[in-house]
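I opened my notebook for a slow look through this one. Here is what I looked up, in the order I went.

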Amino acid sequence: MLTVPMRLIACLLFVCTSFLTAPATEVTLGTSDGGTRTGTLLSIGVVEVNLDPGGAVAVDDVESLVPVQTESRTGPTIRVTLRNGSEIAAQQVSTDDDQLVIQPRRQDDVRIPLTDVRSIRFRRASPGTDPKWLGLFESEGRGDLIAVRREGDQIDSIRGIVLSISPAAVKIDLDGSEVDAPVEKLEGIILGGSAEPEPTSAPIRVVDAYGSTWLVRSVRLDDGDDQLSLDLGSGTSHRFPIDQLKRIDWAGGSTLLATLEPAQRRFGSSLPESSSADVTAALDAWLGPAVDQDQDLLIPAQSSLEYRVDPDVSRLVGTVRRHQQVLRGGRVKAKILCDGQPVWEQELTDSSAVGFDVPTADVSRVQLLVDDMGDGDAGDLLRWVRPRLVK
């Protein structure tokens, strides 16, 4: 009778066990004291993160977790933005009663209450359409907003009530008439309701390889599991494979520029210069850049505000429009500079808001500037609506 050598049995057991064990993920932890720790990720809990070697590290002492080997993958076109600021890349979306069913790439479906959804954009972002699309978030009105893409990167919008969504069409109630709007003709939809995020309810930011940014209440990885578990709030959870993780930030969310002290402010005016420092200071305080009670920035022509940018900030986002009290004004242009170099600009020809989403990786300062375009600064006061730095 033939017997299998014990060494061969041990090898077979090792191979079988390897297939059953979650693949090792080497990560780097960024800690609150400015240091880093690198090791194999064993688990993530509410209280601590466990590495091998390194042992347990208290979550309160961790700022970020980044896999040593990261890979950005081509994400799907559709972007679903939640009211808490999460942005989910989706292959398809549809409604099921009062929920939106989101199908990410190579992940399980996510079911989100429609009341938690802010917008769905069906087209890829582009420089030609971004200002108009992002500006629509500030437009006021009742019901839902439907944005239609026209030739030449033009976007028209109408208001109605979204009744249902399928992969092919959005059913809309327009003044009592039901219309099926083909998804291929739409830029996106913005659902009615408050646009204010809930930063305290989602303190953790998780980014996956397909471009989704999940703002979550908690993240968990059980020892031996290969799936991250996310708590999105409102009783919603989601899991995705650990090999799709790009980074986790425990100090997630965004920071309003209005809450920061400007690194530099400049006030320019066509008024005659005064030899009195007190008069100049009074004019600056009265007419210069300011923060209003809504945490918007008010910047007149020939003036600017500049802010320092932390290394972990990835984007500057917001909208800008003419101040609502300006009845008539000349030509005016809003500009954004990163480290002194122009990266975004838009001429404002009417009272409509335009949006911006400017990358700030490797940027140390951002500047918001108003250009009177050479025809005088009378009436050229711009409202920058809740501009914020996003990690």
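The entries below go from salt bridges to a hairpin, a charged patch and some backbone details.

**Ground rules.** I am working with a predicted model, where local features need pLDDT of at least 70, side-chain atom pairs count only at pLDDT 80 or more, and totals for chains, interfaces and linings use all residues. Residues are numbered from 1 along each chain as its sequence is written, and side-chain values use heavy atoms, with hydrogens and water left out.

**Salt bridges.** How many salt bridges does the structure hold? I found 20, where a salt bridge is a side-chain nitrogen of Lys or Arg within 4 Å of a carboxyl oxygen of Asp or Glu.

I looked up Arg315 and Asp357, whose side chains meet in a salt bridge at 3.1 Å, N to O. Arg315 lies in strand 28 (residues 315–322) and Asp357 in strand 31 (residues 354–359), so this pair ties together parts that are 42 residues apart in sequence. Strands here are DSSP runs (E, at least two residues), numbered from the N terminus. Arg315 is partly exposed at 26% relative accessibility, and Asp357 is partly exposed as well, at 36%. For these words I use under 20% relative accessible area for buried, over 50% for exposed and partly exposed in between, with a 1.4 Å probe and protein chains only.

Next came Lys333 and Glu345, with a salt bridge of 3.3 Å, N to O. Lys333 sits in strand 29 (residues 333–338) and Glu345 in strand 30 (residues 341–347), so the pair ties together parts 12 residues apart in sequence. Is Lys333 buried or exposed? Lys333 counts as buried at 17%, whereas Glu345 is partly exposed at 40%.

Asp371 and Lys335 also form a salt bridge, again listed at 3.3 Å, N to O. This pair links strand 32 (residues 365–371), which holds Asp371, to strand 29, which holds Lys335, across 36 residues. Asp371 is partly exposed at 23%, and Lys335 is partly exposed at 21%.

I also noted a network: salt bridges that share partners join Arg121, Asp130, Arg149, Asp153 and Glu187.

Strand 6 (residues 78–82) and strand 7 (residues 87–90) pair in the antiparallel sense over four bridges; pairing asks for at least two DSSP bridges between the strands. Arg79 has Ala89 in strand 7 as its bridge partner. Four residues separate the two strands of this hairpin, and Gly85 in the turn has a positive phi of about 105°.

**Ser314.** I found Ser314 in the loop between strand 27 (304–308) and strand 28, partly exposed at 23%. Ser314 and Lys391 are 77 residues apart in sequence, yet their C-alpha atoms are 5.1 Å apart in space.

**Backbone details.** Which peptide bond did I note as cis? The bond from Asp52 to Pro53 is cis, with omega near -5°. Pro53 is in the loop between strand 3 (48–52) and strand 4 (55–58).

Gln295 is not a glycine but has a positive phi of about 65°. Gln295 falls in the loop between strand 25 (290–291) and strand 26 (297–300), and is partly exposed at 31%. Gln302 has a positive phi near 65° too; this residue lies in the loop between strand 26 and strand 27 and is partly exposed at 26%.

**Asp33.** My last stop was Asp33, in the loop between strand 1 (26–31) and strand 2 (36–44). Asp33 counts as exposed at 66% relative accessibility.
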